[in-house]
Protein chains: 2
Amino acid sequence: MSLIFSRQCEYAIQALIYLAKKTETEWISIKEIADHINIPQHFLGKIFQMLSNKGILKSKKGLQGGFCLSKPSSDINLKDIVDTIDGVAYSTACVAGFPNCSNDSPCPLHNSWKDLREGIVKMLKMRNLKQMADEISKPGYN
Amino acid sequence: MSLIFSRQCEYAIQALIYLAKKTETEWISIKEIADHINIPQHFLGKIFQMLSNKGILKSKKGLQGGFCLSKPSSDINLKDIVDTIDGVAYSTACVAGFPNCSNDSPCPLHNSWKDLREGIVKMLKMRNLKQMADEISKPGYN
DNA sequence: CTATATTAAGACAAATTACTCTTATTATCA
DNA sequence: TGATAATAAGAGTAATTTGTCTTAATATAG
């Protein structure tokens with residue numbers, strides 16, 4: 001099997017949207033998030049460490065501690081998250097793994113994939129956490 | 001890290017394009033293919049077993065044996081290959097892994113992803129092995 | 001200021017994916 | 001028709017990803 005994003009990345013997106021729904025100054029614990037979106041608590045801890053190291057989250061230890069966004073939710077887009085967790089290969093590497101594929105010397109899939117890939121990157125840049133947190137609060141969304 | 005297709009699937013695509021360049025009746029050995037496209041020989045063997053079981057390839061044991069396409073190369077498209085190796089999740093599952101995401105109750109990414117996904121599926125259906133084998137033979141392609 | 005509960009961080013284990021080695025099959029040639 | 005070499009098939013191993021358990025840090029209450 002294979003998907004666009006790793007499991008870690010999926011969890012990161014879900015968790016950060018949950019976080020973006022909260023007030024920006026509140027410290028939220030991993031336990032609360034993991035329980036709400038139903039994912040492994042300590043696995044999320046590891047993911048949030050990465051996001052902290054890259055400056056997307058701030059963390060605070062001890063009682064009443066937790067995590068919070070380090071910037072306004074409208075300043076964090078999907079590409080920031082995906083690039084941090086999964087790296088940028090999805091936006092640069094050959095989709096079929098041909099070793100010498102490039103714009104100059106394309107593989108037979110290169111040009112078919114080009115526009116699709118650009119569409120994906122564009123979308124990831126467009127969508128930010130604030131938008132998504134707002135949407136998820138609308139009726140009909142989950 | 002994470003990409004659209006698994007490593008197995010990338011190898012399958014490359015190997016089948018190589019096969020499509022040959023005459024349709026010839027039996028080609030795994031060793032020849034693996035050497036040419038520079039991938040692990042026995043790993044390719046396993047991949048070709050799957051493709052044989054699903055009816056995309058025919059195999060023949062013993063001296064002068066090997067594999068060949070079970071249909072004309074123009075009748076095998078990328079979607080056939082991807083679906084066989086990686087399954088169909090990429091075309092149906094929620095891109096961010098939200099457990100209850102659907103058209104009726106979409107996640108905040110669902111509608112942004114919808115058209116992109118459909119574009120990918122459409123492309124995979126459009127491109128067949130013959131086209132790709134022809135392209136790879138043109139100057140400038142690899 | 002000390003004990004404790006709560007939390008993040010980091011070490012460890014399981015599952016999956018990628019890869020390699022061995023065995024079984026079979027066409028060919030002596 | 002039997003030995004042999006080439007081949008697919010399948011068993012076994014390594015690496016990566018996912019998930020869990022343990023330890024270290026710290027805010028708070030007494």
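Modeller: The answer starts with the pairing of the chains and then turns to the DNA.

This is a predicted model, in which local features need pLDDT of at least 70, side-chain atom pairs count only at pLDDT 80 or more, and totals for chains, interfaces and linings use all residues. Residues are numbered from 1 along each chain as its sequence is written, chains are lettered from A and ligands numbered from 1 in the order in which they are written, and side-chain values use heavy atoms, with hydrogens and water left out.

Two copies of a chain are related by a rotation about an axis and a shift along it. Here, a rotation of 180° with 0.0 Å of shift along its axis puts chain A on chain B, with an RMSD of 0.0 Å. That is the relation of a two-fold axis. Copies are superposed by least squares on the C-alpha atoms of residues with pLDDT of at least 70 in both. In chain A, the residue closest to the rotation axis is A:Ile4, whose C-alpha is at 2.3 Å.

Next, the contact between the chains. Contact means heavy atoms within 4.5 Å. Chain A gives 42 residues and chain B gives 42 residues. Of the interface residues of chain A, 100% are also interface residues in chain B, so the copies meet through the same surface. Together the chains bury about 3,700 Å², with 63% of it on carbon and sulfur atoms. Buried area is the accessible area (1.4 Å probe) that two parts lose on being put together, summed over both. Nine residue pairs are in polar contact across the interface of chain A and chain B, both residues at pLDDT 80 or more. A polar contact is a pair of N or O atoms within 3.5 Å; within protein, one must be able to donate a hydrogen and the other to accept it, and residues adjacent in sequence count only if both atoms are side-chain atoms.

On the side of chain A that touches chain B, the elements giving two or more residues are α1, α4 (78-86), α5 (89-92), α6 (110-126) and α7 (129-137) of chain A. Helices (H or I, at least four residues) and strands (E, at least two) are DSSP runs, numbered from the N terminus. α6(A) gives the most to this side, with seven residues.

Now the DNA. A residue is near a strand if one of its heavy atoms lies within 4 Å of it. DNA strand D has 26 residues around it, and A:Arg7, A:His42, A:Lys61, B:Leu63 and B:Gly66 come nearest. Among the atoms of DNA strand D within 4 Å of the protein, 74% belong to sugar or phosphate and the rest to bases. The side chain of A:Tyr11 has an N or O atom 3.2 Å from a phosphate oxygen of DNA strand D.

DNA strand C has 25 residues around it, and the closest are A:Leu63, A:Gly66, B:Arg7, B:His42 and B:Lys61. A polar side-chain atom of A:Gln49 lies 3.1 Å from a phosphate oxygen of DNA strand C. For A:Ser59, an N or O atom of the side chain is 3.2 Å from a phosphate oxygen of DNA strand C. B:Lys46 reaches a base: an N or O atom in its side chain is 3.2 Å from a base nitrogen of DNA strand C.
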